[in-house]
Amino acid sequence: MKISSGKLPKIAVLGGTGDQGGGLALRWSLAGYHVTLGSRSVERASAMADQLNKQYKGAKLEGAGNRVAASAAEVVVLTVPYKFQRATVEEVCEVIDGKILVDVTVPLMPPKVARVHLPEGGSAVVSIQKLLGSSVRVVSAFQNVSAQHLRNLDEPIECDVLVCGDDVEAREVVIDLAKAGRMRGVHAGPLVNSVVAEALTSILIGINRRYKVPGAGISITGLSGETTGPR
Ligand SMILES: NC(=O)c1ccc[n+]([C@@H]2O[C@H](COP(=O)([O-])OP(=O)(O)OC[C@H]3O[C@@H](n4cnc5c(N)ncnc54)[C@H](OP(=O)(O)O)[C@@H]3O)[C@@H](O)[C@H]2O)c1
(Lines give C-alpha, C1' and ligand atoms only; values in the text may rest on other atoms or scores of the structure.)
Protein backbone atom coordinates (compact mmCIF):
# COMPACT_ATOMS: atom_id res chain seq x y z
CA MET A 1 0.00 0.00 0.00
CA LYS A 2 1.48 3.32 -1.04
CA ILE A 3 0.95 6.26 1.29
CA SER A 4 -0.44 9.04 -0.88
CA SER A 5 1.50 12.25 -0.44
CA GLY A 6 -0.38 15.11 1.16
CA LYS A 7 -2.96 12.79 2.78
CA LEU A 8 -2.48 11.77 6.39
CA PRO A 9 -2.33 7.98 6.72
CA LYS A 10 -4.81 6.19 8.96
CA ILE A 11 -3.06 4.83 12.04
CA ALA A 12 -3.79 1.85 14.28
CA VAL A 13 -1.90 1.58 17.57
CA LEU A 14 -1.92 -2.03 18.77
CA GLY A 15 -1.69 -2.16 22.55
CA GLY A 16 -2.85 1.47 22.42
CA THR A 17 -4.50 1.09 25.83
CA GLY A 18 -1.01 1.09 27.35
CA ASP A 19 1.23 3.95 28.40
CA GLN A 20 3.40 4.21 25.32
CA GLY A 21 0.78 3.48 22.68
CA GLY A 22 -1.82 5.69 24.32
CA GLY A 23 0.59 8.62 24.48
CA LEU A 24 1.66 8.30 20.85
CA ALA A 25 -1.94 7.87 19.69
CA LEU A 26 -3.03 10.95 21.60
CA ARG A 27 -0.35 13.12 20.01
CA TRP A 28 -1.20 11.92 16.50
CA SER A 29 -4.92 12.39 17.05
CA LEU A 30 -4.32 15.95 18.23
CA ALA A 31 -2.25 16.52 15.07
CA GLY A 32 -5.28 15.58 12.94
CA TYR A 33 -4.56 11.93 12.13
CA HIS A 34 -7.33 9.35 12.21
CA VAL A 35 -6.11 7.06 14.99
CA THR A 36 -7.64 3.86 16.35
CA LEU A 37 -6.49 2.37 19.62
CA GLY A 38 -6.19 -1.39 19.27
CA SER A 39 -6.59 -3.82 22.12
CA ARG A 40 -7.36 -7.46 22.82
CA SER A 41 -10.63 -6.08 24.21
CA VAL A 42 -12.87 -3.75 22.18
CA GLU A 43 -14.42 -2.48 25.41
CA ARG A 44 -11.03 -1.57 26.87
CA ALA A 45 -9.99 0.20 23.68
CA SER A 46 -13.24 2.16 23.46
CA ALA A 47 -13.12 3.12 27.14
CA MET A 48 -9.53 4.38 26.78
CA ALA A 49 -10.41 6.30 23.60
CA ASP A 50 -13.38 7.95 25.37
CA GLN A 51 -11.25 8.80 28.38
CA LEU A 52 -8.52 10.46 26.32
CA ASN A 53 -11.07 12.30 24.15
CA LYS A 54 -12.68 13.73 27.28
CA GLN A 55 -9.40 14.60 28.94
CA TYR A 56 -7.68 16.23 25.95
CA LYS A 57 -9.63 18.80 23.92
CA GLY A 58 -9.34 18.07 20.22
CA ALA A 59 -8.57 14.35 20.54
CA LYS A 60 -10.80 12.14 18.37
CA LEU A 61 -9.60 8.64 19.10
CA GLU A 62 -11.53 5.48 18.36
CA GLY A 63 -11.17 2.03 19.86
CA ALA A 64 -11.31 -1.44 18.28
CA GLY A 65 -9.90 -4.92 18.53
CA ASN A 66 -6.28 -5.17 17.37
CA ARG A 67 -7.14 -7.00 14.16
CA VAL A 68 -10.00 -4.71 13.15
CA ALA A 69 -7.88 -1.64 13.91
CA ALA A 70 -4.97 -3.00 11.86
CA SER A 71 -7.26 -3.89 8.92
CA ALA A 72 -8.51 -0.34 8.60
CA ALA A 73 -5.12 1.38 8.93
CA GLU A 74 -2.32 2.21 6.53
CA VAL A 75 0.27 2.53 9.28
CA VAL A 76 0.16 0.03 12.14
CA VAL A 77 2.08 0.81 15.31
CA LEU A 78 3.02 -1.98 17.70
CA THR A 79 3.21 -1.04 21.39
CA VAL A 80 2.96 -4.19 23.49
CA PRO A 81 5.47 -5.67 25.94
CA TYR A 82 8.21 -7.74 24.28
CA LYS A 83 6.80 -10.99 25.62
CA PHE A 84 3.65 -10.48 23.50
CA GLN A 85 5.25 -8.86 20.44
CA ARG A 86 5.35 -11.93 18.22
CA ALA A 87 1.88 -13.24 19.13
CA THR A 88 0.33 -9.82 18.52
CA VAL A 89 1.98 -9.57 15.09
CA GLU A 90 0.89 -13.11 14.23
CA GLU A 91 -2.68 -12.14 15.06
CA VAL A 92 -2.68 -9.29 12.53
CA CYS A 93 -0.20 -10.52 9.92
CA GLU A 94 -2.86 -11.34 7.33
CA VAL A 95 -4.30 -7.85 7.39
CA ILE A 96 -1.08 -5.81 7.30
CA ASP A 97 0.34 -7.01 4.01
CA GLY A 98 1.64 -4.06 2.00
CA LYS A 99 1.47 -1.70 5.00
CA ILE A 100 4.00 -0.03 7.25
CA LEU A 101 4.50 -1.56 10.69
CA VAL A 102 6.14 0.74 13.22
CA ASP A 103 7.56 -1.41 15.99
CA VAL A 104 8.24 0.32 19.31
CA THR A 105 9.14 -2.89 21.16
CA VAL A 106 12.04 -2.96 23.57
CA PRO A 107 13.20 -6.49 24.44
CA LEU A 108 13.24 -5.91 28.19
CA MET A 109 13.57 -8.94 30.45
CA PRO A 110 11.89 -8.13 33.78
CA PRO A 111 12.88 -7.78 36.52
CA LYS A 112 16.34 -6.64 35.32
CA VAL A 113 15.09 -4.00 32.92
CA ALA A 114 18.09 -1.72 33.40
CA ARG A 115 20.36 -4.41 31.94
CA VAL A 116 20.67 -4.68 28.17
CA HIS A 117 19.12 -7.89 26.94
CA LEU A 118 19.17 -8.67 23.26
CA PRO A 119 17.21 -11.59 21.92
CA GLU A 120 18.74 -14.30 19.79
CA GLY A 121 19.68 -12.76 16.47
CA GLY A 122 20.14 -9.31 18.00
CA SER A 123 17.15 -7.08 17.39
CA ALA A 124 13.54 -7.80 18.41
CA VAL A 125 12.29 -5.66 15.52
CA VAL A 126 14.44 -7.39 12.89
CA SER A 127 12.94 -10.71 13.95
CA ILE A 128 9.48 -9.28 13.15
CA GLN A 129 10.60 -8.15 9.68
CA LYS A 130 11.88 -11.71 9.11
CA LEU A 131 8.55 -13.12 10.26
CA LEU A 132 6.51 -10.85 7.99
CA GLY A 133 8.73 -10.83 4.92
CA SER A 134 9.41 -7.88 2.68
CA SER A 135 5.77 -7.15 1.82
CA VAL A 136 5.43 -5.37 5.16
CA ARG A 137 7.76 -2.44 5.60
CA VAL A 138 8.88 -2.60 9.22
CA VAL A 139 10.26 0.56 10.82
CA SER A 140 11.72 0.73 14.32
CA ALA A 141 11.10 3.94 16.30
CA PHE A 142 10.13 5.61 19.61
CA GLN A 143 11.98 3.08 21.84
CA ASN A 144 13.88 5.83 23.64
CA VAL A 145 11.01 8.23 24.36
CA SER A 146 9.55 7.70 27.82
CA ALA A 147 5.77 7.42 28.06
CA GLN A 148 6.07 9.93 30.92
CA HIS A 149 6.69 12.65 28.33
CA LEU A 150 4.07 11.65 25.78
CA ARG A 151 1.00 12.77 27.73
CA ASN A 152 2.66 15.87 29.08
CA LEU A 153 1.71 18.23 26.29
CA ASP A 154 2.98 21.33 28.07
CA GLU A 155 6.68 20.48 27.96
CA PRO A 156 8.70 19.93 24.77
CA ILE A 157 10.08 16.42 24.25
CA GLU A 158 13.83 16.78 24.02
CA CYS A 159 14.50 13.12 23.28
CA ASP A 160 15.28 12.41 19.61
CA VAL A 161 13.61 9.48 17.90
CA LEU A 162 15.96 7.09 16.12
CA VAL A 163 14.16 5.79 13.05
CA CYS A 164 15.54 2.60 11.50
CA GLY A 165 14.18 0.74 8.51
CA ASP A 166 15.25 -0.73 5.21
CA ASP A 167 12.72 1.27 3.19
CA VAL A 168 13.62 4.96 3.12
CA GLU A 169 10.12 6.06 2.10
CA ALA A 170 8.61 4.20 5.06
CA ARG A 171 11.18 5.81 7.34
CA GLU A 172 10.13 9.21 5.98
CA VAL A 173 6.53 8.46 6.93
CA VAL A 174 7.67 7.73 10.49
CA ILE A 175 9.87 10.85 10.60
CA ASP A 176 6.68 12.77 9.72
CA LEU A 177 4.82 10.95 12.52
CA ALA A 178 7.54 11.95 15.00
CA LYS A 179 7.20 15.54 13.84
CA ALA A 180 3.40 15.38 14.13
CA GLY A 181 3.90 14.20 17.72
CA ARG A 182 6.18 17.21 18.32
CA MET A 183 9.35 15.12 18.42
CA ARG A 184 12.39 15.07 16.15
CA GLY A 185 12.83 11.88 14.16
CA VAL A 186 16.32 11.15 12.86
CA HIS A 187 17.16 8.72 10.08
CA ALA A 188 19.26 6.08 11.83
CA GLY A 189 19.86 3.72 8.94
CA PRO A 190 18.71 0.20 8.10
CA LEU A 191 16.51 -1.92 10.34
CA VAL A 192 19.47 -3.90 11.64
CA ASN A 193 20.58 -0.70 13.43
CA SER A 194 17.46 -0.94 15.58
CA VAL A 195 19.51 -3.07 17.95
CA VAL A 196 21.15 0.14 19.23
CA ALA A 197 17.83 1.89 19.99
CA GLU A 198 16.44 -1.26 21.62
CA ALA A 199 19.52 -1.65 23.83
CA LEU A 200 19.70 2.02 24.70
CA THR A 201 16.37 1.95 26.54
CA SER A 202 17.80 -0.20 29.33
CA ILE A 203 20.60 2.32 29.78
CA LEU A 204 18.03 5.13 29.97
CA ILE A 205 16.00 3.19 32.56
CA GLY A 206 19.18 2.79 34.61
CA ILE A 207 19.89 6.53 34.30
CA ASN A 208 16.32 7.31 35.45
CA ARG A 209 16.89 5.21 38.55
CA ARG A 210 20.38 6.49 39.31
CA TYR A 211 19.48 10.17 38.94
CA LYS A 212 15.86 9.88 40.11
CA VAL A 213 14.36 11.39 36.95
CA PRO A 214 11.23 10.18 35.13
CA GLY A 215 12.35 10.10 31.52
CA ALA A 216 15.99 10.47 30.46
CA GLY A 217 16.46 10.57 26.71
CA ILE A 218 19.01 11.10 23.97
CA SER A 219 19.70 14.01 21.71
CA ILE A 220 21.75 13.80 18.50
CA THR A 221 24.08 16.77 18.24
CA GLY A 222 25.55 18.30 15.12
CA LEU A 223 22.40 18.32 13.02
CA SER A 224 21.36 21.51 11.33
CA GLY A 225 17.66 22.03 10.75
CA GLU A 226 15.14 19.45 11.79
CA THR A 227 16.56 16.32 10.18
CA THR A 228 19.39 15.42 7.88
CA GLY A 229 17.27 13.44 5.41
CA PRO A 230 18.04 9.96 4.13
CA ARG A 231 21.62 8.72 4.03
N1 LIG B 1 6.40 2.82 28.73
C2 LIG B 1 7.45 3.43 28.23
O3 LIG B 1 7.92 4.46 28.75
C4 LIG B 1 8.11 2.89 26.99
C5 LIG B 1 9.12 3.64 26.37
C6 LIG B 1 9.71 3.16 25.22
C7 LIG B 1 9.32 1.94 24.68
N8 LIG B 1 8.34 1.21 25.30
C9 LIG B 1 7.96 -0.08 24.72
O10 LIG B 1 6.64 0.06 24.21
C11 LIG B 1 5.94 -1.16 24.41
C12 LIG B 1 4.69 -0.87 25.23
O13 LIG B 1 5.07 -0.36 26.47
P14 LIG B 1 3.98 0.05 27.57
O15 LIG B 1 4.71 0.57 28.71
O16 LIG B 1 2.92 0.87 26.93
O17 LIG B 1 3.39 -1.38 27.93
P18 LIG B 1 2.12 -1.76 28.79
O19 LIG B 1 1.38 -0.52 29.18
O20 LIG B 1 2.56 -2.69 29.86
O21 LIG B 1 1.25 -2.64 27.76
C22 LIG B 1 0.77 -2.09 26.55
C23 LIG B 1 -0.42 -2.91 26.13
O24 LIG B 1 -0.03 -4.24 25.77
C25 LIG B 1 -1.19 -5.04 25.81
N26 LIG B 1 -0.92 -6.36 26.37
C27 LIG B 1 -0.70 -6.68 27.66
N28 LIG B 1 -0.58 -8.01 27.80
C29 LIG B 1 -0.74 -8.54 26.56
C30 LIG B 1 -0.78 -9.87 26.05
N31 LIG B 1 -0.67 -10.93 26.85
N32 LIG B 1 -0.97 -10.03 24.73
C33 LIG B 1 -1.16 -8.98 23.92
N34 LIG B 1 -1.17 -7.68 24.35
C35 LIG B 1 -0.96 -7.48 25.66
C36 LIG B 1 -2.22 -4.34 26.70
O37 LIG B 1 -3.31 -3.96 25.87
P38 LIG B 1 -4.73 -4.71 25.97
O39 LIG B 1 -4.80 -5.39 27.31
O40 LIG B 1 -5.69 -3.59 25.86
O41 LIG B 1 -4.75 -5.66 24.83
C42 LIG B 1 -1.46 -3.14 27.21
O43 LIG B 1 -2.28 -2.01 27.41
C44 LIG B 1 6.89 -2.13 25.09
O45 LIG B 1 7.50 -2.97 24.15
C46 LIG B 1 7.89 -1.19 25.74
O47 LIG B 1 9.15 -1.79 25.95
C48 LIG B 1 7.72 1.66 26.43
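These legends go with close-up views of the ligand and the pocket around it in a predicted model.

View 1. A polar contact is a pair of N or O atoms within 3.5 Å. Thr17 places a polar side-chain atom 2.6 Å from a ligand oxygen atom, and a polar side-chain atom of Arg44 lies 2.9 Å from one. Gln20 uses a backbone N or O atom instead, 2.9 Å from an oxygen atom of the ligand. The protein covers 77% of the 880 Å² of accessible area that the ligand has on its own (Shrake-Rupley method, 1.4 Å probe).

**View 2. Who lines the largest pocket?** This pocket has about 1,100 Å³ of space. Among its 40 lining residues, Gln20, Thr79, Val80, Pro81 and Leu108 are closest to the centre. H8 (194-211) gives the most, with four residues.

**Notes.** On a 1 Å grid over the protein atoms alone, a pocket is an open set of points where a 1.4 Å probe fits, with protein on both sides within 12 Å along at least five of seven lines; lining residues have an atom within 4 Å of a point. A volume is the space filled by probe spheres set on the points, which are joined across faces, edges and corners. Helices (H or I, at least four residues) are DSSP runs, numbered from the N terminus. Residues are numbered from 1 along each chain as its sequence is written, and side-chain values use heavy atoms, without hydrogens or water. In this predicted model, local features need pLDDT of at least 70 and side-chain atom pairs 80 or more, while totals for chains, interfaces and linings use all residues.

Note on methods
Polar contact = N/O pair within 3.5 Å; in protein donor to acceptor, adjacent residues only side chain to side chain. Helix = DSSP H or I, 4+ residues; strand = E, 2+ residues; numbered from the N terminus.
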